[in-house]
Amino acid sequence: MNYTDKLTESIQTVKPSGIRRFFDIVNEMDDVISLSVGEPDFQTPWHVREAGIQSLEKGRTWYTPNRGFKELRQEITKFYKRKYNIEYDPLTEVVVTVGGSEAIDVAIRCMASRGDEVLIPQPSFVCYEPLTIMSGATPVIIETKAEDNFRLTAEQLEEKITGRTKLLILPYPNNPTGAIMERGDLEAIAEVIRKHDLMVLSDEIYSELTYSGKKHVSIAEIDGMRERTVVINGFSKAYAMTGWRLGYALGPVEIISMLTKLHQFCIMSAPTTAQYAAIEALKNGDDDIKMMRDEYDMRRRLVVGSLNQMGLTCFTPEGAFYAFPCIRSTGLSSEEFCTRLLQSKHVALVPGSAFGESGEGYVRLSYSYSIKHLKEALKLISDFITEL
């Protein structure tokens with residue numbers, strides 16, 4: 001049977017994730033040292049796991065309210081007040097989702113549709129463009145540049161805005177580059193957004209992982225931006241809770257009520273056990289975050305220093321847990337570099353082109369791995385470059 005006419009054009013148009021495609025290749029090989037997956041190598045802190053275990057032991061396995069437990073929503077709003085001095089109503093301005101990924105999906109689908117344009121800075125995480133296409137809207141790519149520290153500038157934003165522009169996706173701290181946006185950058189961006197009456201989806205999943213004393217600034221903190229911004233965050237990266245699948249969206253009641261409606265019909269409610277664990281993480285997890293962030297910082301300095309020493313120019317990441325070295329000096333494309341490195345040295349990185357065309361000439365390396373693991377991989381990468 002020919003299924004082409006049985007499936008939607010949008011889902012057939014979308015390419016599979018470049019990250020997952022490489023990850024699948026790695027899984028079929030033996031003795032691979034992988035730096036390809038953006039997942040903390042830490043276990044979820046014991047007190048957080050224990051809260052989840054206790055909820056199971058007590059038989060708390062029922063559905064939760066669509067928006068998530070009230071106590072969890074209260075702790076989320078306390079977190080944003082404590083960290084960023086932004087106030088949200090836990091009853092109406094928060095929805096708990098199945099990971100930050102679901103929050104991104106429902107936010108795009110609620111705010112953009114056929115005829116709308118969505119601005120997406122790249123290189124960036126792989127889901128924004130496909131989800132925009134599947135919503136029926138048109139993705140408009142803004143290529144950030146190494147000379148700007150991969151930050152989105154107000155000038156770049158202004159150039160891409162048309163009468164159809166509806167939404168800006170702001171993915172900082174950034175995956176894959178590790179770039180951040182500082183307050184001055186955001187103020188300039190906010191001026192353009194207000195001028196053109198746009199909405200913002202601010203993906204802040206790496207908000208707790210910033211370095212060199214540079215604290216994350218949410219664009220919702222900037223004057224006049226709270227009412228224009230849907231903030232996406234979650235527990236995967238900061239608390240090493242990737243498998244718990246829990247995220248959330250914060251924003252104006254008029255927007256969050258629509259996100260909740262879509263969430264209600266497609267998911268109903270986020271995992272109950274994970275919500276009990278998340279309450280504990282928010283209440284008592286600040287020290288866990290600091291410990292993991294300090295460890296990532298040490299790994300960051302090792303990786304960036306090593307890459308530059310071996311001749312791969314590497315922008316110093318100030319957030320997340322990725323390095324994004326330039327490999328143009330090797331004469332190979334991103335895909336060729338990663339494929340040959342994997343075949344000859346059994347080290348797995350992700351081609352920069354997986355994060356958009358502007359990622360060509362770069363590769364992504366995750367330093368969410370042990371020092372021993374990183375040193376072994378870096379030695380093999382250095383040997384590979386020498387042999388080239």
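This is a predicted model: local features need pLDDT of at least 70, side-chain atom pairs count only at pLDDT 80 or more; totals for chains, interfaces and linings use all residues.
Taken along the principal axes, the C-alpha atoms fill a box of roughly 60 × 55 × 55 Å, and buried residues make up 57% of the 388 residues. As for secondary structure, the protein comes to 13 helices and twelve strands.

Let me turn to one of those helices, α5, which covers residues 99–111. At 1.5 Å a residue, its 13 residues should span 18 Å, and the end C-alpha atoms are 19 Å apart, which agrees. How many of the 13 residues of α5 are buried? Ten of them are, so the helix is largely enclosed by the rest of the structure; among these buried residues are G99, G100, E102, D105 and M111.

Strand β2, residues 94–97, is covered on both faces, with V94 and V96 buried on one side and V95 and T97 buried on the other. Strand β2 is joined by four bridges to β8, residues 247–250, and the two strands run antiparallel, with V94 standing opposite L250 of β8.

Finally, let us look at the surface, where M1, Y3, L7, I11 and M134 form a nonpolar patch whose accessible area comes to about 560 Å² together. Of these residues, L7 lies in the segment before α1, the helix of residues 9–13.

Notes. Residues are numbered from 1 along each chain as its sequence is written. Side-chain values use heavy atoms; hydrogens and water are left out. Patches are made of residues with over 30% relative accessible area and no salt bridge: like charges are joined within 9 Å, nonpolar side chains (Val, Leu, Ile, Met, Phe, Trp, Tyr) within 5 Å. Accessible areas come from the Shrake-Rupley method with a 1.4 Å probe; for residues, only the protein chains shown count as cover. A salt bridge is a side-chain nitrogen of Lys or Arg within 4 Å of a carboxyl oxygen of Asp or Glu. The expected span of a helix is 1.5 Å times one less than its number of residues. Buried means under 20% relative accessible area, exposed over 50%, partly exposed in between (1.4 Å probe, protein chains only). Two strands pair if DSSP finds at least two bridges between them.
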